[in-house]
Every structure is written in C-alpha cells, then in structure tokens.
Amino acid sequence: MTRFDVITMGRVGVDLYPLQSGAPLDEVETFARFLGGSATNVAVAAARLGRRAAVVTRTGADPFGRFVRRALAEYGVDARFVADVPGLPTPVTFCELFPPDDFPLYFYRFPKAPDLEIRADELDLPAIEAAGLLWTTVTGLCAEPSRTATLAALGARRRTGFTVLDLDYRPMFWDSPAEAGRLAGEALEHATVAVGNLAECEVAVGEGDPMRAARALLDRGVRLAVVKRGPDGVLAVDDQGRVVESPPVPVEVVNGLGAGDAFGGALCHGLLEGWDLPRAIGFANRAGAVVASRLACSAAMPTAAEIAEPAVAP
C-alpha cells in the first residue's frame, strides 16, 4: 500500500478568474482557467513543497473533469482517489477582483457538485488511516453522501496524528449557520487540528474573538487551534498552552482567495516536518501572503524558496 504524507478530501473544480482587476463580471472580457477547490488546492500546495499528496474527490465525466486529472498530474498530486460521477458537471467558480480585500465568489455547482457524491463505502480507509496527515473540510459535511464519508474518514484516524478539520464555511452551501455549526461540532470530535478564520470559528464554536475561539476549539478536544485573522495575522494555540501570534506579511494583494489554501498546504508541511509552532505558523503565514500576491490559486502555490523570501510590498 502506498503511504501518503497528505490526503485531502473535498471540493474540486475549475476556477475561471478575470484578467481584468476592478471590473464586475458583467464587464470582464477575458478569463484564465485554473484547477480549483479548497481541498484540492491544499493538496497542490503540499505537493509543491515535496509532500506525497493525494486528494479524495469527484468530478463530472466531462472535459473539465479531464482537465482536473491532467492538472493534478502536472502538480504532482496523486489522482487514484478521484472518480467521475456521470450526470453531474464538474463545478465552475468565478470571482471578481477588487483588491485588496474584496473578492466575491460565484459557485456553479448545480444541480449538485460531484464532490458531494463521495461515498463512505468507496473510501480507502487503510490509506486514510496510514497517511501522515488527513485534511477534511466543513463543506464536505453540507450534503449526503459526502457528510457520512467525511465523518467515516475522520473516524478512521481514531483521533491520532494530524487529523485536520478546515472550518471552511461557505454560507451558500448550507440551510443555516446553526446546521453547519452542529455538524462542525460532530466532526471536531474526531479532529486533532482545527483551522479557520474568525467567521468560520464563530459558526463552529460560537466565538468570534480569536483567543476565545481558539480556547473553545481546544475545549472540543483538538490539540492545535489555528485562527486566521486576515490583515491581523494568525493566532495558534495548542493544548500545551503555547500561544503563537504570527503578524501579517505585507504584500501587494492581487487575489486573496488562494491564500488560505496555501497556508493549509504549508501548515501540513511544517507539521509533518516536526517544526516548532512558531516556525510552522510563520512558514504557513508567509505561504499565504505569496499566493495573495498572485492571480491563481493552484498554479500560484509557492516553493519553499519563495516562501522563505516573499516579495513584500514597499
């Protein structure tokens, strides 16, 4: 059996990003196409840093599905856990670019996204259990059968090693924040690491203050809580009482949408390397800043050398 450093599970699709910044979609004339989807981007980011990575996801049996597989191969991400779902199209996502902090997203995941059709009986649970790190998302809990499959994958880890829940709350995928919070709470019972921004933490544990949110996540049993605070940097607190605050890295923002996924992939790398908490969080924070300074998400994921010396804004 192949042992992966990182297995991620969740969204995949095609990003169509405008080549005109500062324009609404109805005025944009040209777009660039990229591999997208949060869990997929995290796998790409980890692979860019030399990790043996795979993603568990589903695509449509269509040309965009073929593009997804080709892009995964180009980025060094193993696609053995990727399958087609006949009758459902590969999702497409558009965004608008209004730097430095406004990047509206438009998800086309109708009638249902194939990545929500992952089934528990299709999972390679021995591979998931053996992986150095499993990365799951709250979005994977928003519909069946992906909900049951995500919880099964988390359960296979027996709350050992690095078992990550990305709080990744997208309101358009849910009937209510309360439903998302209830299911996030169920998933947190299996996680050893939780990662989210302030809005996501508030949905998951009812706390919007960074330190209270981190403490609430630790109270749910995770060993490491990471709270992303946007322009205020990152807060991380572990179950040993260590607190790390990583300040923001000043860059000229082009597109902030992939920054969190770059952060995730770099965090995977730092945790697997056994780095101390300040080094791992600082490395991940810089990785996010690098991608925020670029247009794409997956294609923009940085190398270790680029993370070491991000091009800071003057």
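A quick word on the model comes before the tour. This is a predicted model, where local features need pLDDT of at least 70, side-chain atom pairs count only at pLDDT 80 or more, and totals for chains, interfaces and linings use all residues. Residues are numbered from 1 along each chain as its sequence is written, and side-chain values use heavy atoms, with hydrogens and water left out.

## The packed interior

Start with the term "buried": a residue is buried under 20% relative accessible area, exposed over 50%, and partly exposed in between, using a 1.4 Å probe and protein chains only. A nonpolar core is then a set of buried Ala, Val, Leu, Ile, Met, Phe, Trp, Tyr and Cys residues joined through side-chain atoms within 4.5 Å. Here, the largest core has 58 residues, and the members touching the most others are Leu-35, Val-195, Val-226, Leu-267 and Ile-281. Helix H9, residues 277–292, brings the largest share of this core, 7 residues. (Helices are DSSP runs of H or I with at least four residues, strands are runs of E with at least two, and both are numbered from the N terminus.) There is also a second, separate core of 49 residues, with Ala-113, Leu-188, Ala-191 and Ala-225 among them.

What does Leu-35 touch, leaving aside its neighbours within four places in sequence? Counting contact as heavy atoms within 4.5 Å, its partners include Val-12, Asn-41, Phe-67, Tyr-75 and Ser-298.

## Helix H1

Among the buried ones are Ser-38, Asn-41, Val-44 and Ala-47. Just after H1, Gly-50 takes a positive phi of about 95 degrees.

## Pockets and cavities

Grid points are joined across faces, edges and corners, and a volume is the space filled by probe spheres set on the points. For the linings, Ala, Val, Leu, Ile, Met, Phe, Trp, Tyr, Cys and Pro count as nonpolar, Asp, Glu, Lys and Arg as charged, and the others, Gly among them, as polar.

| Space | Volume | Lining make-up |
|---|---|---|
| Largest pocket | about 1300 Å³ | 22 nonpolar, 8 polar, 9 charged residues |
| Second largest pocket | about 260 Å³ | 8 nonpolar, 4 polar, 4 charged residues |
| Largest cavity | about 120 Å³ | 5 nonpolar, 4 polar, 4 charged residues |
| Second largest cavity | about 50 Å³ | 4 nonpolar, 4 polar, 3 charged residues |

The largest pocket is lined by 39 residues, and Gly-230, Gly-256, Leu-257, Ala-259 and Gly-260 lie nearest its centre. Strand E8 (105–108), helix H6 (198–205), helix H8 (259–273) and H9 each supply at least two residues of that lining.

Which helix gives the most to the lining of the second largest pocket? That's H9, with 3 residues. H8 also supplies at least two residues there.

The structure holds 2 cavities of 30 Å³ or more. In the largest cavity, 13 residues form the lining, with Arg-11, Tyr-17, Asn-41, Leu-105 and Arg-170 nearest the centre. Strand E2 (13–18), H1 and E8 each give two or more residues to this lining. The second largest cavity has Arg-11 in its lining too, along with residues including Asp-15, Gly-37 and Phe-107. E2 gives the most to that lining, with 3 residues.

## Two residues up close

Arg-147 sits in helix H4, residues 146–156. Is Arg-147 buried or exposed? It counts as buried because its relative accessibility is 16%. A polar atom of the Arg-147 side chain lies 2.7 Å from the backbone oxygen of Leu-141.

Gly-22 is found in the loop between E2 and strand E3 (31–36). This glycine counts as partly exposed, because its relative accessibility is 46%. Gly-22 and Phe-98 are 76 residues apart along the chain, yet their C-alpha atoms are separated by 4.8 Å.

Technical notes. 1 Å grid on protein atoms, 1.4 Å probe; cavity = no way out; pocket = protein on both sides within 12 Å on 5 of 7 lines; lining within 4 Å. Polar contact = N/O pair within 3.5 Å; in protein donor to acceptor, adjacent residues only side chain to side chain.
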